[in-house]
Structure formats: structure tokens, C-alpha cells
Amino acid sequence: MPARRAAPWLLSAPALLLYALFLVTPLVLVLLISFYNFEFYGGIQDSFTAKNYIAIFTDGYYYEIYARTFGVSLLVTLTCVILGSAEAYVLSRMRNPWKGLFLMVVLGPLLVSVVVRTLGWALLFGSTGLISKSLMALGLTTKPVSLMYTNLGVGIALTHVLVPFLVISVWASLQRINPATEAAALSLGAHPFTVMRRVILPQAMPGVLSGSIMVFALSVSAFATPAIIGGRRLKTVATAAYDEFLNTLDWPLGSALAAVLLVVTVVALIAANRLIERRYGAVFNT
């Protein structure tokens, strides 16, 4: 009997060991470093202090960085939910061979580096890019328009990078829905919009939730896209932590920025998860 109880732990031991070695240990080290003191001429001092967290919670500069990071991430997540859910629904209603073809179209961008895709958007967003020239050619503006170094530009690029994750999650949930339920609702006189809202959406919520969690977590911690599109003018938490680590060499402050970002992100995701599961509890419990 004791051996049977210990079997799951023994079988999981290799994975738990790797998890602790490559994830838990670095996070603990980052948390410890965040409490060290840093002197500009003396470097990292072996003394315990909370001044890094005090600076983050009392300086409006860091409030602006966190507000920009979470604001853009929230808008990117909502945009991905709208676009990705619609795209996944259309994809689930396709037949072979079109379904396989368009599934590859959705997954295709994941085969290209994030940096390459972001640089492509940078070429489009510039004042001499295709978007600016098209707007001027259509007479919608008389001056060159640049989306570089703007929140809108960062949001558009992040949406393009992350929307495939939500499409795949929602598409997987839609594959589990019995088409007969939709046909039954229509045969009983329900409007197609009502069918979508009362039948399809609740059953697809597990996929929407899991996809939203992935998109939000990846966008709030994204570095390459905000660094290229936002530049040094629009800092996010990731780019600010990068500057502290590699430019000013203030590792404790950079670690504190990362630790606060991690805690706030986890709390936000858990709260959203609880809220949605409470609203659609019948679906998640099946």
C-alpha cells in the first residue's frame, strides 16, 4: 500500500526535478537578488534592503511602465479573443482539404522568428512605410503617419504574433462540441446569434480561457516586439528590466521589477480564471 501511494511521486520525480532546477531555482534566485542593495560605484552590496520595492511602489515612473504593460497586454488579449475566436469558428466549420490548408496558414507564422515578424511590421509602420504611403495616396492624411514608438503599433504587432495561440486553443474546444446541439437550437427557432451566445460560446469557454491566459502571459512578458516597435521611448516592464540588468547593471532593481510583474500577473490570471469558471461552471465541470 505505501509503495502504491509513492508510485506517482516516483514516476513524477524526473519531471519535478527538472521543473525545480530550471524554473523554481532561477525564480528564487531572482527574488533573493531583488533584496540586495546596489551602489553606483560599488556594485551589488551584500546587505538586505527593501528599497528596490519601495522605489517601484512610490515612483510614478514605474507606475506608468506597469500601466502601459498591462494596458497594452489587456487590449492585445481582448483583440486576440475577438479575432481568434471568429477565425477558430470558421476553421472548425471548414471541410477537408480546406481545413488543413487554412490550419497551416494559421500555424505558419509560428515557424518564423518573432524578431523577423516584428521587423516586418517595423517596415510597415515607418513614416515612409506602406501604411503611411497608402493613407496619403487615399487622401486620408496629408502628412506621413508613423505607428512606430506608439502603443497602437506595439499592440498590432503583438496581436499578430500571439493570435495563433488563441486560435488553436479555441479550435480545440470547438472540435469537442457536438454539431447536433447547434442544429437542435436552430430547429427550435433560436436566432443564429442566440445559438452562438447560448450554445457555442459557453462550450468554447475552456478554450477561450486557456488561450487568453497564454496570450496575456506572453504579451505582458514580451520583450522583442516592444523593444523593436516601442523602442526606448515606450518602455514596458521587460525592456525596463533589461536596461537595469545590462545597461545600468542594477540587478537588484531589475529583479524587483521582474518579481512584481510575476506576482501581479499570477494574481490577475488566477482572479480571471476563478471569475470565468464561476460564470461557466457547468462547462468546466463536465
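**A cavity and a helix pair**

Helix α3 provides four residues of the lining of the largest cavity, the largest share from any element. This comes from a predicted model, and the cavity search turns up one cavity of 30 Å³ or more. The space inside the largest cavity comes to about 50 Å³.

Helices α3 (60-93), α7 and α9 (192-220) each put at least two residues into that lining. Sorted by class, that gives six nonpolar, four polar and one charged residues around the largest cavity.

Helix α7 also turns up in a helix-helix contact. Helix α5 (residues 114-125) packs against α7 (residues 151-174) at an angle of about 140°, and the two axes sit 10 Å apart. Since angles over 145 degrees would be needed for roughly antiparallel, α5 therefore counts as oblique to α7. As for handedness, the crossing of α5 past α7 is right-handed.

On the α5 side, the residues in contact are Val114, Arg117, Trp121 and Phe125, and they meet Gly153, Ile156, Ala157, His160 and Val161 of α7.

Terms used: Residues are numbered from 1 along each chain as its sequence is written. This is a predicted model: local features need pLDDT of at least 70, side-chain atom pairs count only at pLDDT 80 or more; totals for chains, interfaces and linings use all residues. Side-chain values use heavy atoms; hydrogens and water are left out. Axes are lines fitted to C-alpha atoms, for helices over the stretch in contact, and angles run from 0 to 180 degrees between N-to-C directions. Angles under 35 degrees count as roughly parallel, over 145 as roughly antiparallel, 65 to 115 as roughly perpendicular and the rest as oblique. A crossing is left-handed if the near helix is turned anticlockwise from the far one by less than a right angle, and right-handed if clockwise. Contact means heavy atoms within 4.5 Å. On a 1 Å grid over the protein atoms alone, a cavity is a set of points where a 1.4 Å probe fits but cannot get out, and a pocket is an open set with protein on both sides within 12 Å along at least five of seven lines; lining residues have an atom within 4 Å of a point. Grid points are joined across faces, edges and corners, and a volume is the space filled by probe spheres set on the points. Ala, Val, Leu, Ile, Met, Phe, Trp, Tyr, Cys and Pro count as nonpolar, Asp, Glu, Lys and Arg as charged, and the others, Gly among them, as polar.
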